[in-house]
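Hi there,

Here is the structure I promised to pass on.

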Amino acid sequence: MEVDILITNIGQLLPMDKKGPVKGADMGELTVWNDAAVGIKGEQVVWIGSSKEAKILKASQTIDANGKLVTPGLVEPHTHLVFGGSREEEMALKQQGVPYLDILKQGGGILSTVTATQEASQEDLLEKALFHLDRMAMHGITTVEAKSGYGLNHETELKQLRVAKEAGKQHPIDIVSTFLGAHAIPTNYKEEPEAFLDYMSELFDVIKQENLAEFIDIFTETGVFSVVQSRRYLLKAKEKGFGLKIHADEIDPLGGTELAVELGAISGDHLAVTSDEGIQKLANSNTIGVILPGTSFYLGKDDYARAREMIDAGAAIAISTDFNPGSSVTENLQLIMSIAALKLKMSPEEIWHAVTINAAHAIGRGGEAGMIAIGKKADIVLWDAPNYKYIPYHYGVNHTNTVIKSGEIIYERQAIR
Ligand SMILES: O=C(O)CC1=NCN=C1
Ligand SMILES: [Zn+2]
């Protein structure tokens, strides 16, 4: 058999090729192939076997993995990728202990990014998004979910979604788009959240027609949208054929997790203060919990999502950076893997399910992304790590050696010496 690229001498290969989403105790069962090899032709994986068996292959290019770790490309299921400006000035307020929702109430936070995004040109937003996608790719991410939500008016929300669509065309990373027009209440709708949600829902048809987003998301939170308001808005979205996501139980336990399960949302995200009942409902549902421990860390909160209890109860869990300019300003999903180990008490085996197959299912790419299997896209990362436990263990740095997206090498670490 002829292949374009043969990766050989793989110390540990994580195929992650289960049906998924992987729930509860199954998240702890990781298939690891030692001394493996992978053959790529065009955009797809066409052969998997042992390094010895690989000798039958005729390869145009051979990559020696030097006995190290090889995994699927990471799937990033929750980002606010497209935005203008930055919020470093808020760091001082956070250090003084000013709560996130108070900063928002004072017109800062999300609303300050809204102003910057409204003022930014589509070209500038695109350049910025492509830059952040480059950094995500360097960190081993090959599929990204990108939300709008910094426009809060028709024109700017559509601008953000069109930027995400264009970025997906121009960048090798695959992008899955979510409309988060219900991210905050702008000053011109200050006392009228329902009216604002009606105004935002007017975009559903054009979003569907232009294929600008697959999911509709809402920030169900104190001072933003209530559970009742969120339910009405998301039911409208469901009728239009959109998948549902909810920023749920991030700061106050309003019951957004229970709402996500009630509505059959593909994911409930944050879940930092989900109730005991919410954990049970999540565990007994098809809704995936997308946990964002970097946000708890960055906001200096003691509340980390009870992911350990969620997994023990039988839930399917994914993790994400929540990359955004205010509450989690990092593209480094590997760092989040370390925080998940240290603060969520997730095992390395569970963490690897949470950044591949479960993250893929959380954005409707289950069975496509987050796995290495014959006939699937060759989204593959070679790591400068001896085994899969090493990545969560050695925190804060980038461990990628080579990143392959759809069969193309898009990043190779350059030795300095
Ligand atoms: O603060 C931000 O810009 C992003 C965010 N939305 C809801 N929680 C965090
Ligand atoms: Zn978010």
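What kind of unit do β9, helix α8 (residues 227-239) and β10 make? They make a right-handed β-α-β unit. Right-handed here means that, with the strands pointing away from the viewer, the path from the first strand over the helix to the second runs clockwise. Helices (H or I, at least four residues) and strands (E, at least two) are DSSP runs, numbered from the N terminus.

Before going further, some housekeeping. This is a predicted model, where local features need pLDDT of at least 70 and side-chain atom pairs count only at pLDDT 80 or more, while totals for chains, interfaces and linings use all residues. Residues are numbered from 1 along each chain as its sequence is written, chains are lettered from A and ligands numbered from 1 in the order in which they are written, and side-chain values use heavy atoms, with hydrogens and water left out.

All six residues of β9 (residues 215-220) are buried, so the strand is largely enclosed by the rest of the structure. Buried means under 20% relative accessible area, exposed over 50%, and partly exposed in between (1.4 Å probe, protein chains only). Both faces are covered: Phe215, Asp217 and Phe219 are buried on one side, and Ile216, Ile218 and Thr220 on the other.

β9 pairs with strand β8 (residues 174-182) in the parallel sense over three bridges; two strands pair if DSSP finds at least two bridges between them. β9 also runs parallel to strand β10 (residues 243-248), joined to it by six bridges.

UniProt (unreviewed entry) places the feature "binding site" at His78, His80, His247 and Asp322. These residues span 245 residues in sequence, yet no two of their C-alpha atoms are more than 12.0 Å apart, so they gather at one spot. Among them, His80, His247 and Asp322 belong to the lining of the largest cavity. UniProt positions are given in the numbering used here, feature names are shortened, and annotations may be inferred rather than shown by experiment.

His80 sits in the loop between β6 (74-79) and α1 (90-95) and is buried, with a relative accessible area of 3%. Leaving aside neighbours within four places in sequence, the contacts of His80 (heavy atoms within 4.5 Å) include Lys147, Tyr150, His183, His247 and Asp322.

A search of the whole structure finds three cavities of 30 Å³ or more. The largest holds about 100 Å³ of space, and of its 14 lining residues the closest to its centre are His80, Tyr100, His183, Asn324 and Ser327. The largest pocket holds about 390 Å³; of its 21 lining residues, Asp174, Ile175, Val176, Glu214 and Arg365 are the closest to its centre.

For your own grid work: on a 1 Å grid over the protein atoms alone, a cavity is a set of points where a 1.4 Å probe fits but cannot get out, and a pocket is an open set with protein on both sides within 12 Å along at least five of seven lines; lining residues have an atom within 4 Å of a point. Grid points are joined across faces, edges and corners, and a volume is the space filled by probe spheres set on the points.

Best wishes
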